[in-house]
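Have a look at the model first, then read on.

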Amino acid sequence: MRNAQNTLFEGGHYLYDFDSANRARFVGPFADAVRFINENQLYRTDLWVKFVKQYTFDSDADGHWRCEYWGKMMRGACFVCNYTRDEKLYAILESTIRDMLTTQDELGRFSTYPVSSEFRDWDMWGRKYIMLGFLYFYEICDDEALCEEIKAAVCRHADYICDRVGAGEGKIPMCKTSRAWLGANAMSILEPFVKLYHLTHDRKYFEMAEEIVREGYESEACIFRKAEEDEIDPYQYPENKAYETMSCFDGLAEFYCLTGEERYKKAVLNFGRRVLATDVTVIGSCGCTHELFDHSAEMQVNDDYTYIMQETCVTVTLIKLCGQLFRLSGDMAYIDCIETAFFNAYLGSLNTHFQPYTCKTREAVPREITGVMPFDSYAPLRADRRGLATGGLCIMTDNTYYGCCACIGSAGIGYIPKIAAMTFDEGVLLNFFLPGTISARTPGDQYVRFDVAGNYPYENNTVISVTTDCPEVFTLRLRNPAWSKKTVVTVNGEAIDVSGDTVSITRKWTSGNTVAITFDMKVYPVYPEVVFRKPYVAFRYGCIVLAADVRLGVDPRAVVTPVLNEDGSVIAEPCFCPELDDNILCFNLKTAEGDLRLIDYSSAGKDFDKECAAWIPAGSKE
């Protein structure tokens, strides 16, 4: 497998960038999660065959979105494969790529819609994911002939769209190629058109991207214009579907990096800042009203919301968008958000207990179909069960089903290694401190390896050992998480000043240098800014949200009043959790009502039967 090269963003508009020399191998829970996803999804050749098959006939003539499954899963699989360098996975991906190439019709289309009803509903959304699937595989492909075949096929696919969609007589505006969400799902094809222009330098792909951006300013949705004006929050936009809207801004960030047009950067950063302020919940996702931006920062504790969504598609897309926002701004709040989202909402979505979902078909006489998917679609915040529904569910001709959240899942974990270590002009930035090994390229164009010991983010001590081929002066920058109120850093035993959201250490680095970090990891209560019918409290240990789980004999609907230390932390002791797993992060909290045992949110409610909760009814704060 050839090294995946960053063929994009040569304009240098990012403050931090991905490192094509990045090699990472993490151990512990991260490695366990990758193994789970590979074995229960990405290695399953039957899934790849099934998703390709949808393109051999008009499977979405009913107006659905089976068209997204293959490309969405391929994008995430490429992220994972680029991280693992797994030859078995690469062979599976190469096989399904070749399989999908055979489905291109004589017009150049990859579509599950008949020509008679194309460019409506979710057709363009599916065409977007086809392009992304092919283009991300292109970046890791080690077969030059196959690369050329992929490029030719994607260009034919894109040319068909360019000939029929956009500005001009007889063409359909991109925003009118879908009747959903004011066309935002269709306009999110912006990202792959930017990628295709970088690959081919064909002007017509730039012009298509430019036209989509124009529509983002002038169409009924006008999401880019609203963001640039910066007068309202995303939940107040004319179109507020969280997943699709964030996908559009992901594409706008890449278009900015192509053009250098500052107004686009301004729009993206305005949008991201307002999302963080108004719509990110305690577990790091968005959307309490279905999958919509809805001021979730407040609505997450509104008792009138009896079924909170927190869709996994939204979580993964937020992670990717925050990566873009950080690279543009250098604001560590976006990395903090990614960390919260990953270790809570995302890992919580893994169906590690293999619990089944049962759904009813939409036939005249509905039938029940049961299946197991590796990802859950929605995450509870107040007392509720997991596994209540399957997001983006579609029935296949073989009487099985799959869902959008399952298909997007692997992209979440595959993105983390891309941003764990990043480069900037003076050196290397470490954002996460996952145990294992990670390497990057220095300003002097040599490899530096960081061996990270500890159990971050579950324990507070981390030691980083540095290995270089030759001594070199460069800056090692360490993220200082917002949740750590007092971080202590030493280099070879010598204390380093810690202030702000990063620690920058410029010195001549040689093999054997060590950096030790001690984070302030205590259990702190979190209270929402707004109280509706009754107050709530959540508890955080570092970036980990703790949760009540009925399986531990805890009532997630009972009022708790935490007893605090002088520094505002909760009096709490780590404890074992033999009912579930002794390795689960578990704390015994002292409250006025008695001891309260909580576990990490990602482990809570995994039987899909018993209730769990991140927000617990709160007693007096006095």
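What share of the 622 residues in the chain is buried? Buried residues account for 63% of them. Keep in mind that this is a predicted model.

On overall build, the chain has 16 helices and 23 strands. Along the principal axes, the C-alpha atoms fill a box of roughly 70 × 65 × 50 Å. If you look at contacts between residues at least 6 apart in sequence, 70% of them join residues at least 24 apart.

The accessible surface comes to about 22,400 Å², and carbon and sulfur atoms own 48% of that. There are 63 positive and 89 negative side chains, yet the centres of the two sets lie 1 Å apart.

Next, the rings. A pair of aromatic rings is described by the distance of the centres and the angle of the planes. The chain has 44 aromatic pairs. One of them is phenylalanine 79 with tyrosine 415, a tilted pair with centres 6.2 Å apart and planes at 50 degrees. This pair links distant parts of the chain, since phenylalanine 79 sits in helix α3 (residues 69–84) and tyrosine 415 in helix α16 (residues 404–420), 336 residues apart.

Tyrosine 456 and phenylalanine 519 make another tilted pair, at 5.4 Å between centres and 55 degrees between planes. Here both partners are in loops: tyrosine 456 between β9 (447–454) and β10 (461–468), phenylalanine 519 between β15 (514–518) and β16 (523–526), so the pair ties together parts 63 residues apart in sequence.

How well covered are these rings? With buried meaning under 20% relative accessible area, here are the values:

| Residue | Relative accessible area | Class |
|---|---|---|
| Phenylalanine 79 | 5% | buried |
| Tyrosine 415 | 3% | buried |
| Tyrosine 456 | 2% | buried |
| Phenylalanine 519 | 2% | buried |

Finally, phenylalanine 293. You'll find it in the loop between α12 (262–278) and α13 (296–299), and at 1% relative accessibility phenylalanine 293 counts as buried. Leaving aside residues up to four places away in sequence, phenylalanine 293 touches several residues, including Pro234, Tyr235, Met246, Phe271 and Cys286. Phe271 and Phe293 also belong to one aromatic cluster, whose members include Tyr197, Phe206, Tyr237 and Tyr264.

Notes. Residues numbered from 1 in each chain as written. Predicted model: local features only at pLDDT ≥ 70, side-chain atom pairs only at ≥ 80, totals over all residues. Heavy atoms only, no water. Helix = DSSP H or I, 4+ residues; strand = E, 2+ residues; numbered from the N terminus. Buried < 20%, exposed > 50% of the residue type's maximum accessible area, 1.4 Å probe, protein only. Contact = heavy atoms within 4.5 Å. Areas by Shrake-Rupley, 256 points an atom, 1.4 Å probe, with all protein chains shown as cover. Lys, Arg positive; Asp, Glu negative; His and termini not counted. Charge placed at Lys NZ, Arg CZ, Asp CG, Glu CD. Phe/Tyr/Trp six-rings, centres within 6.5 Å; stacked < 30°, edge-to-face > 60°.
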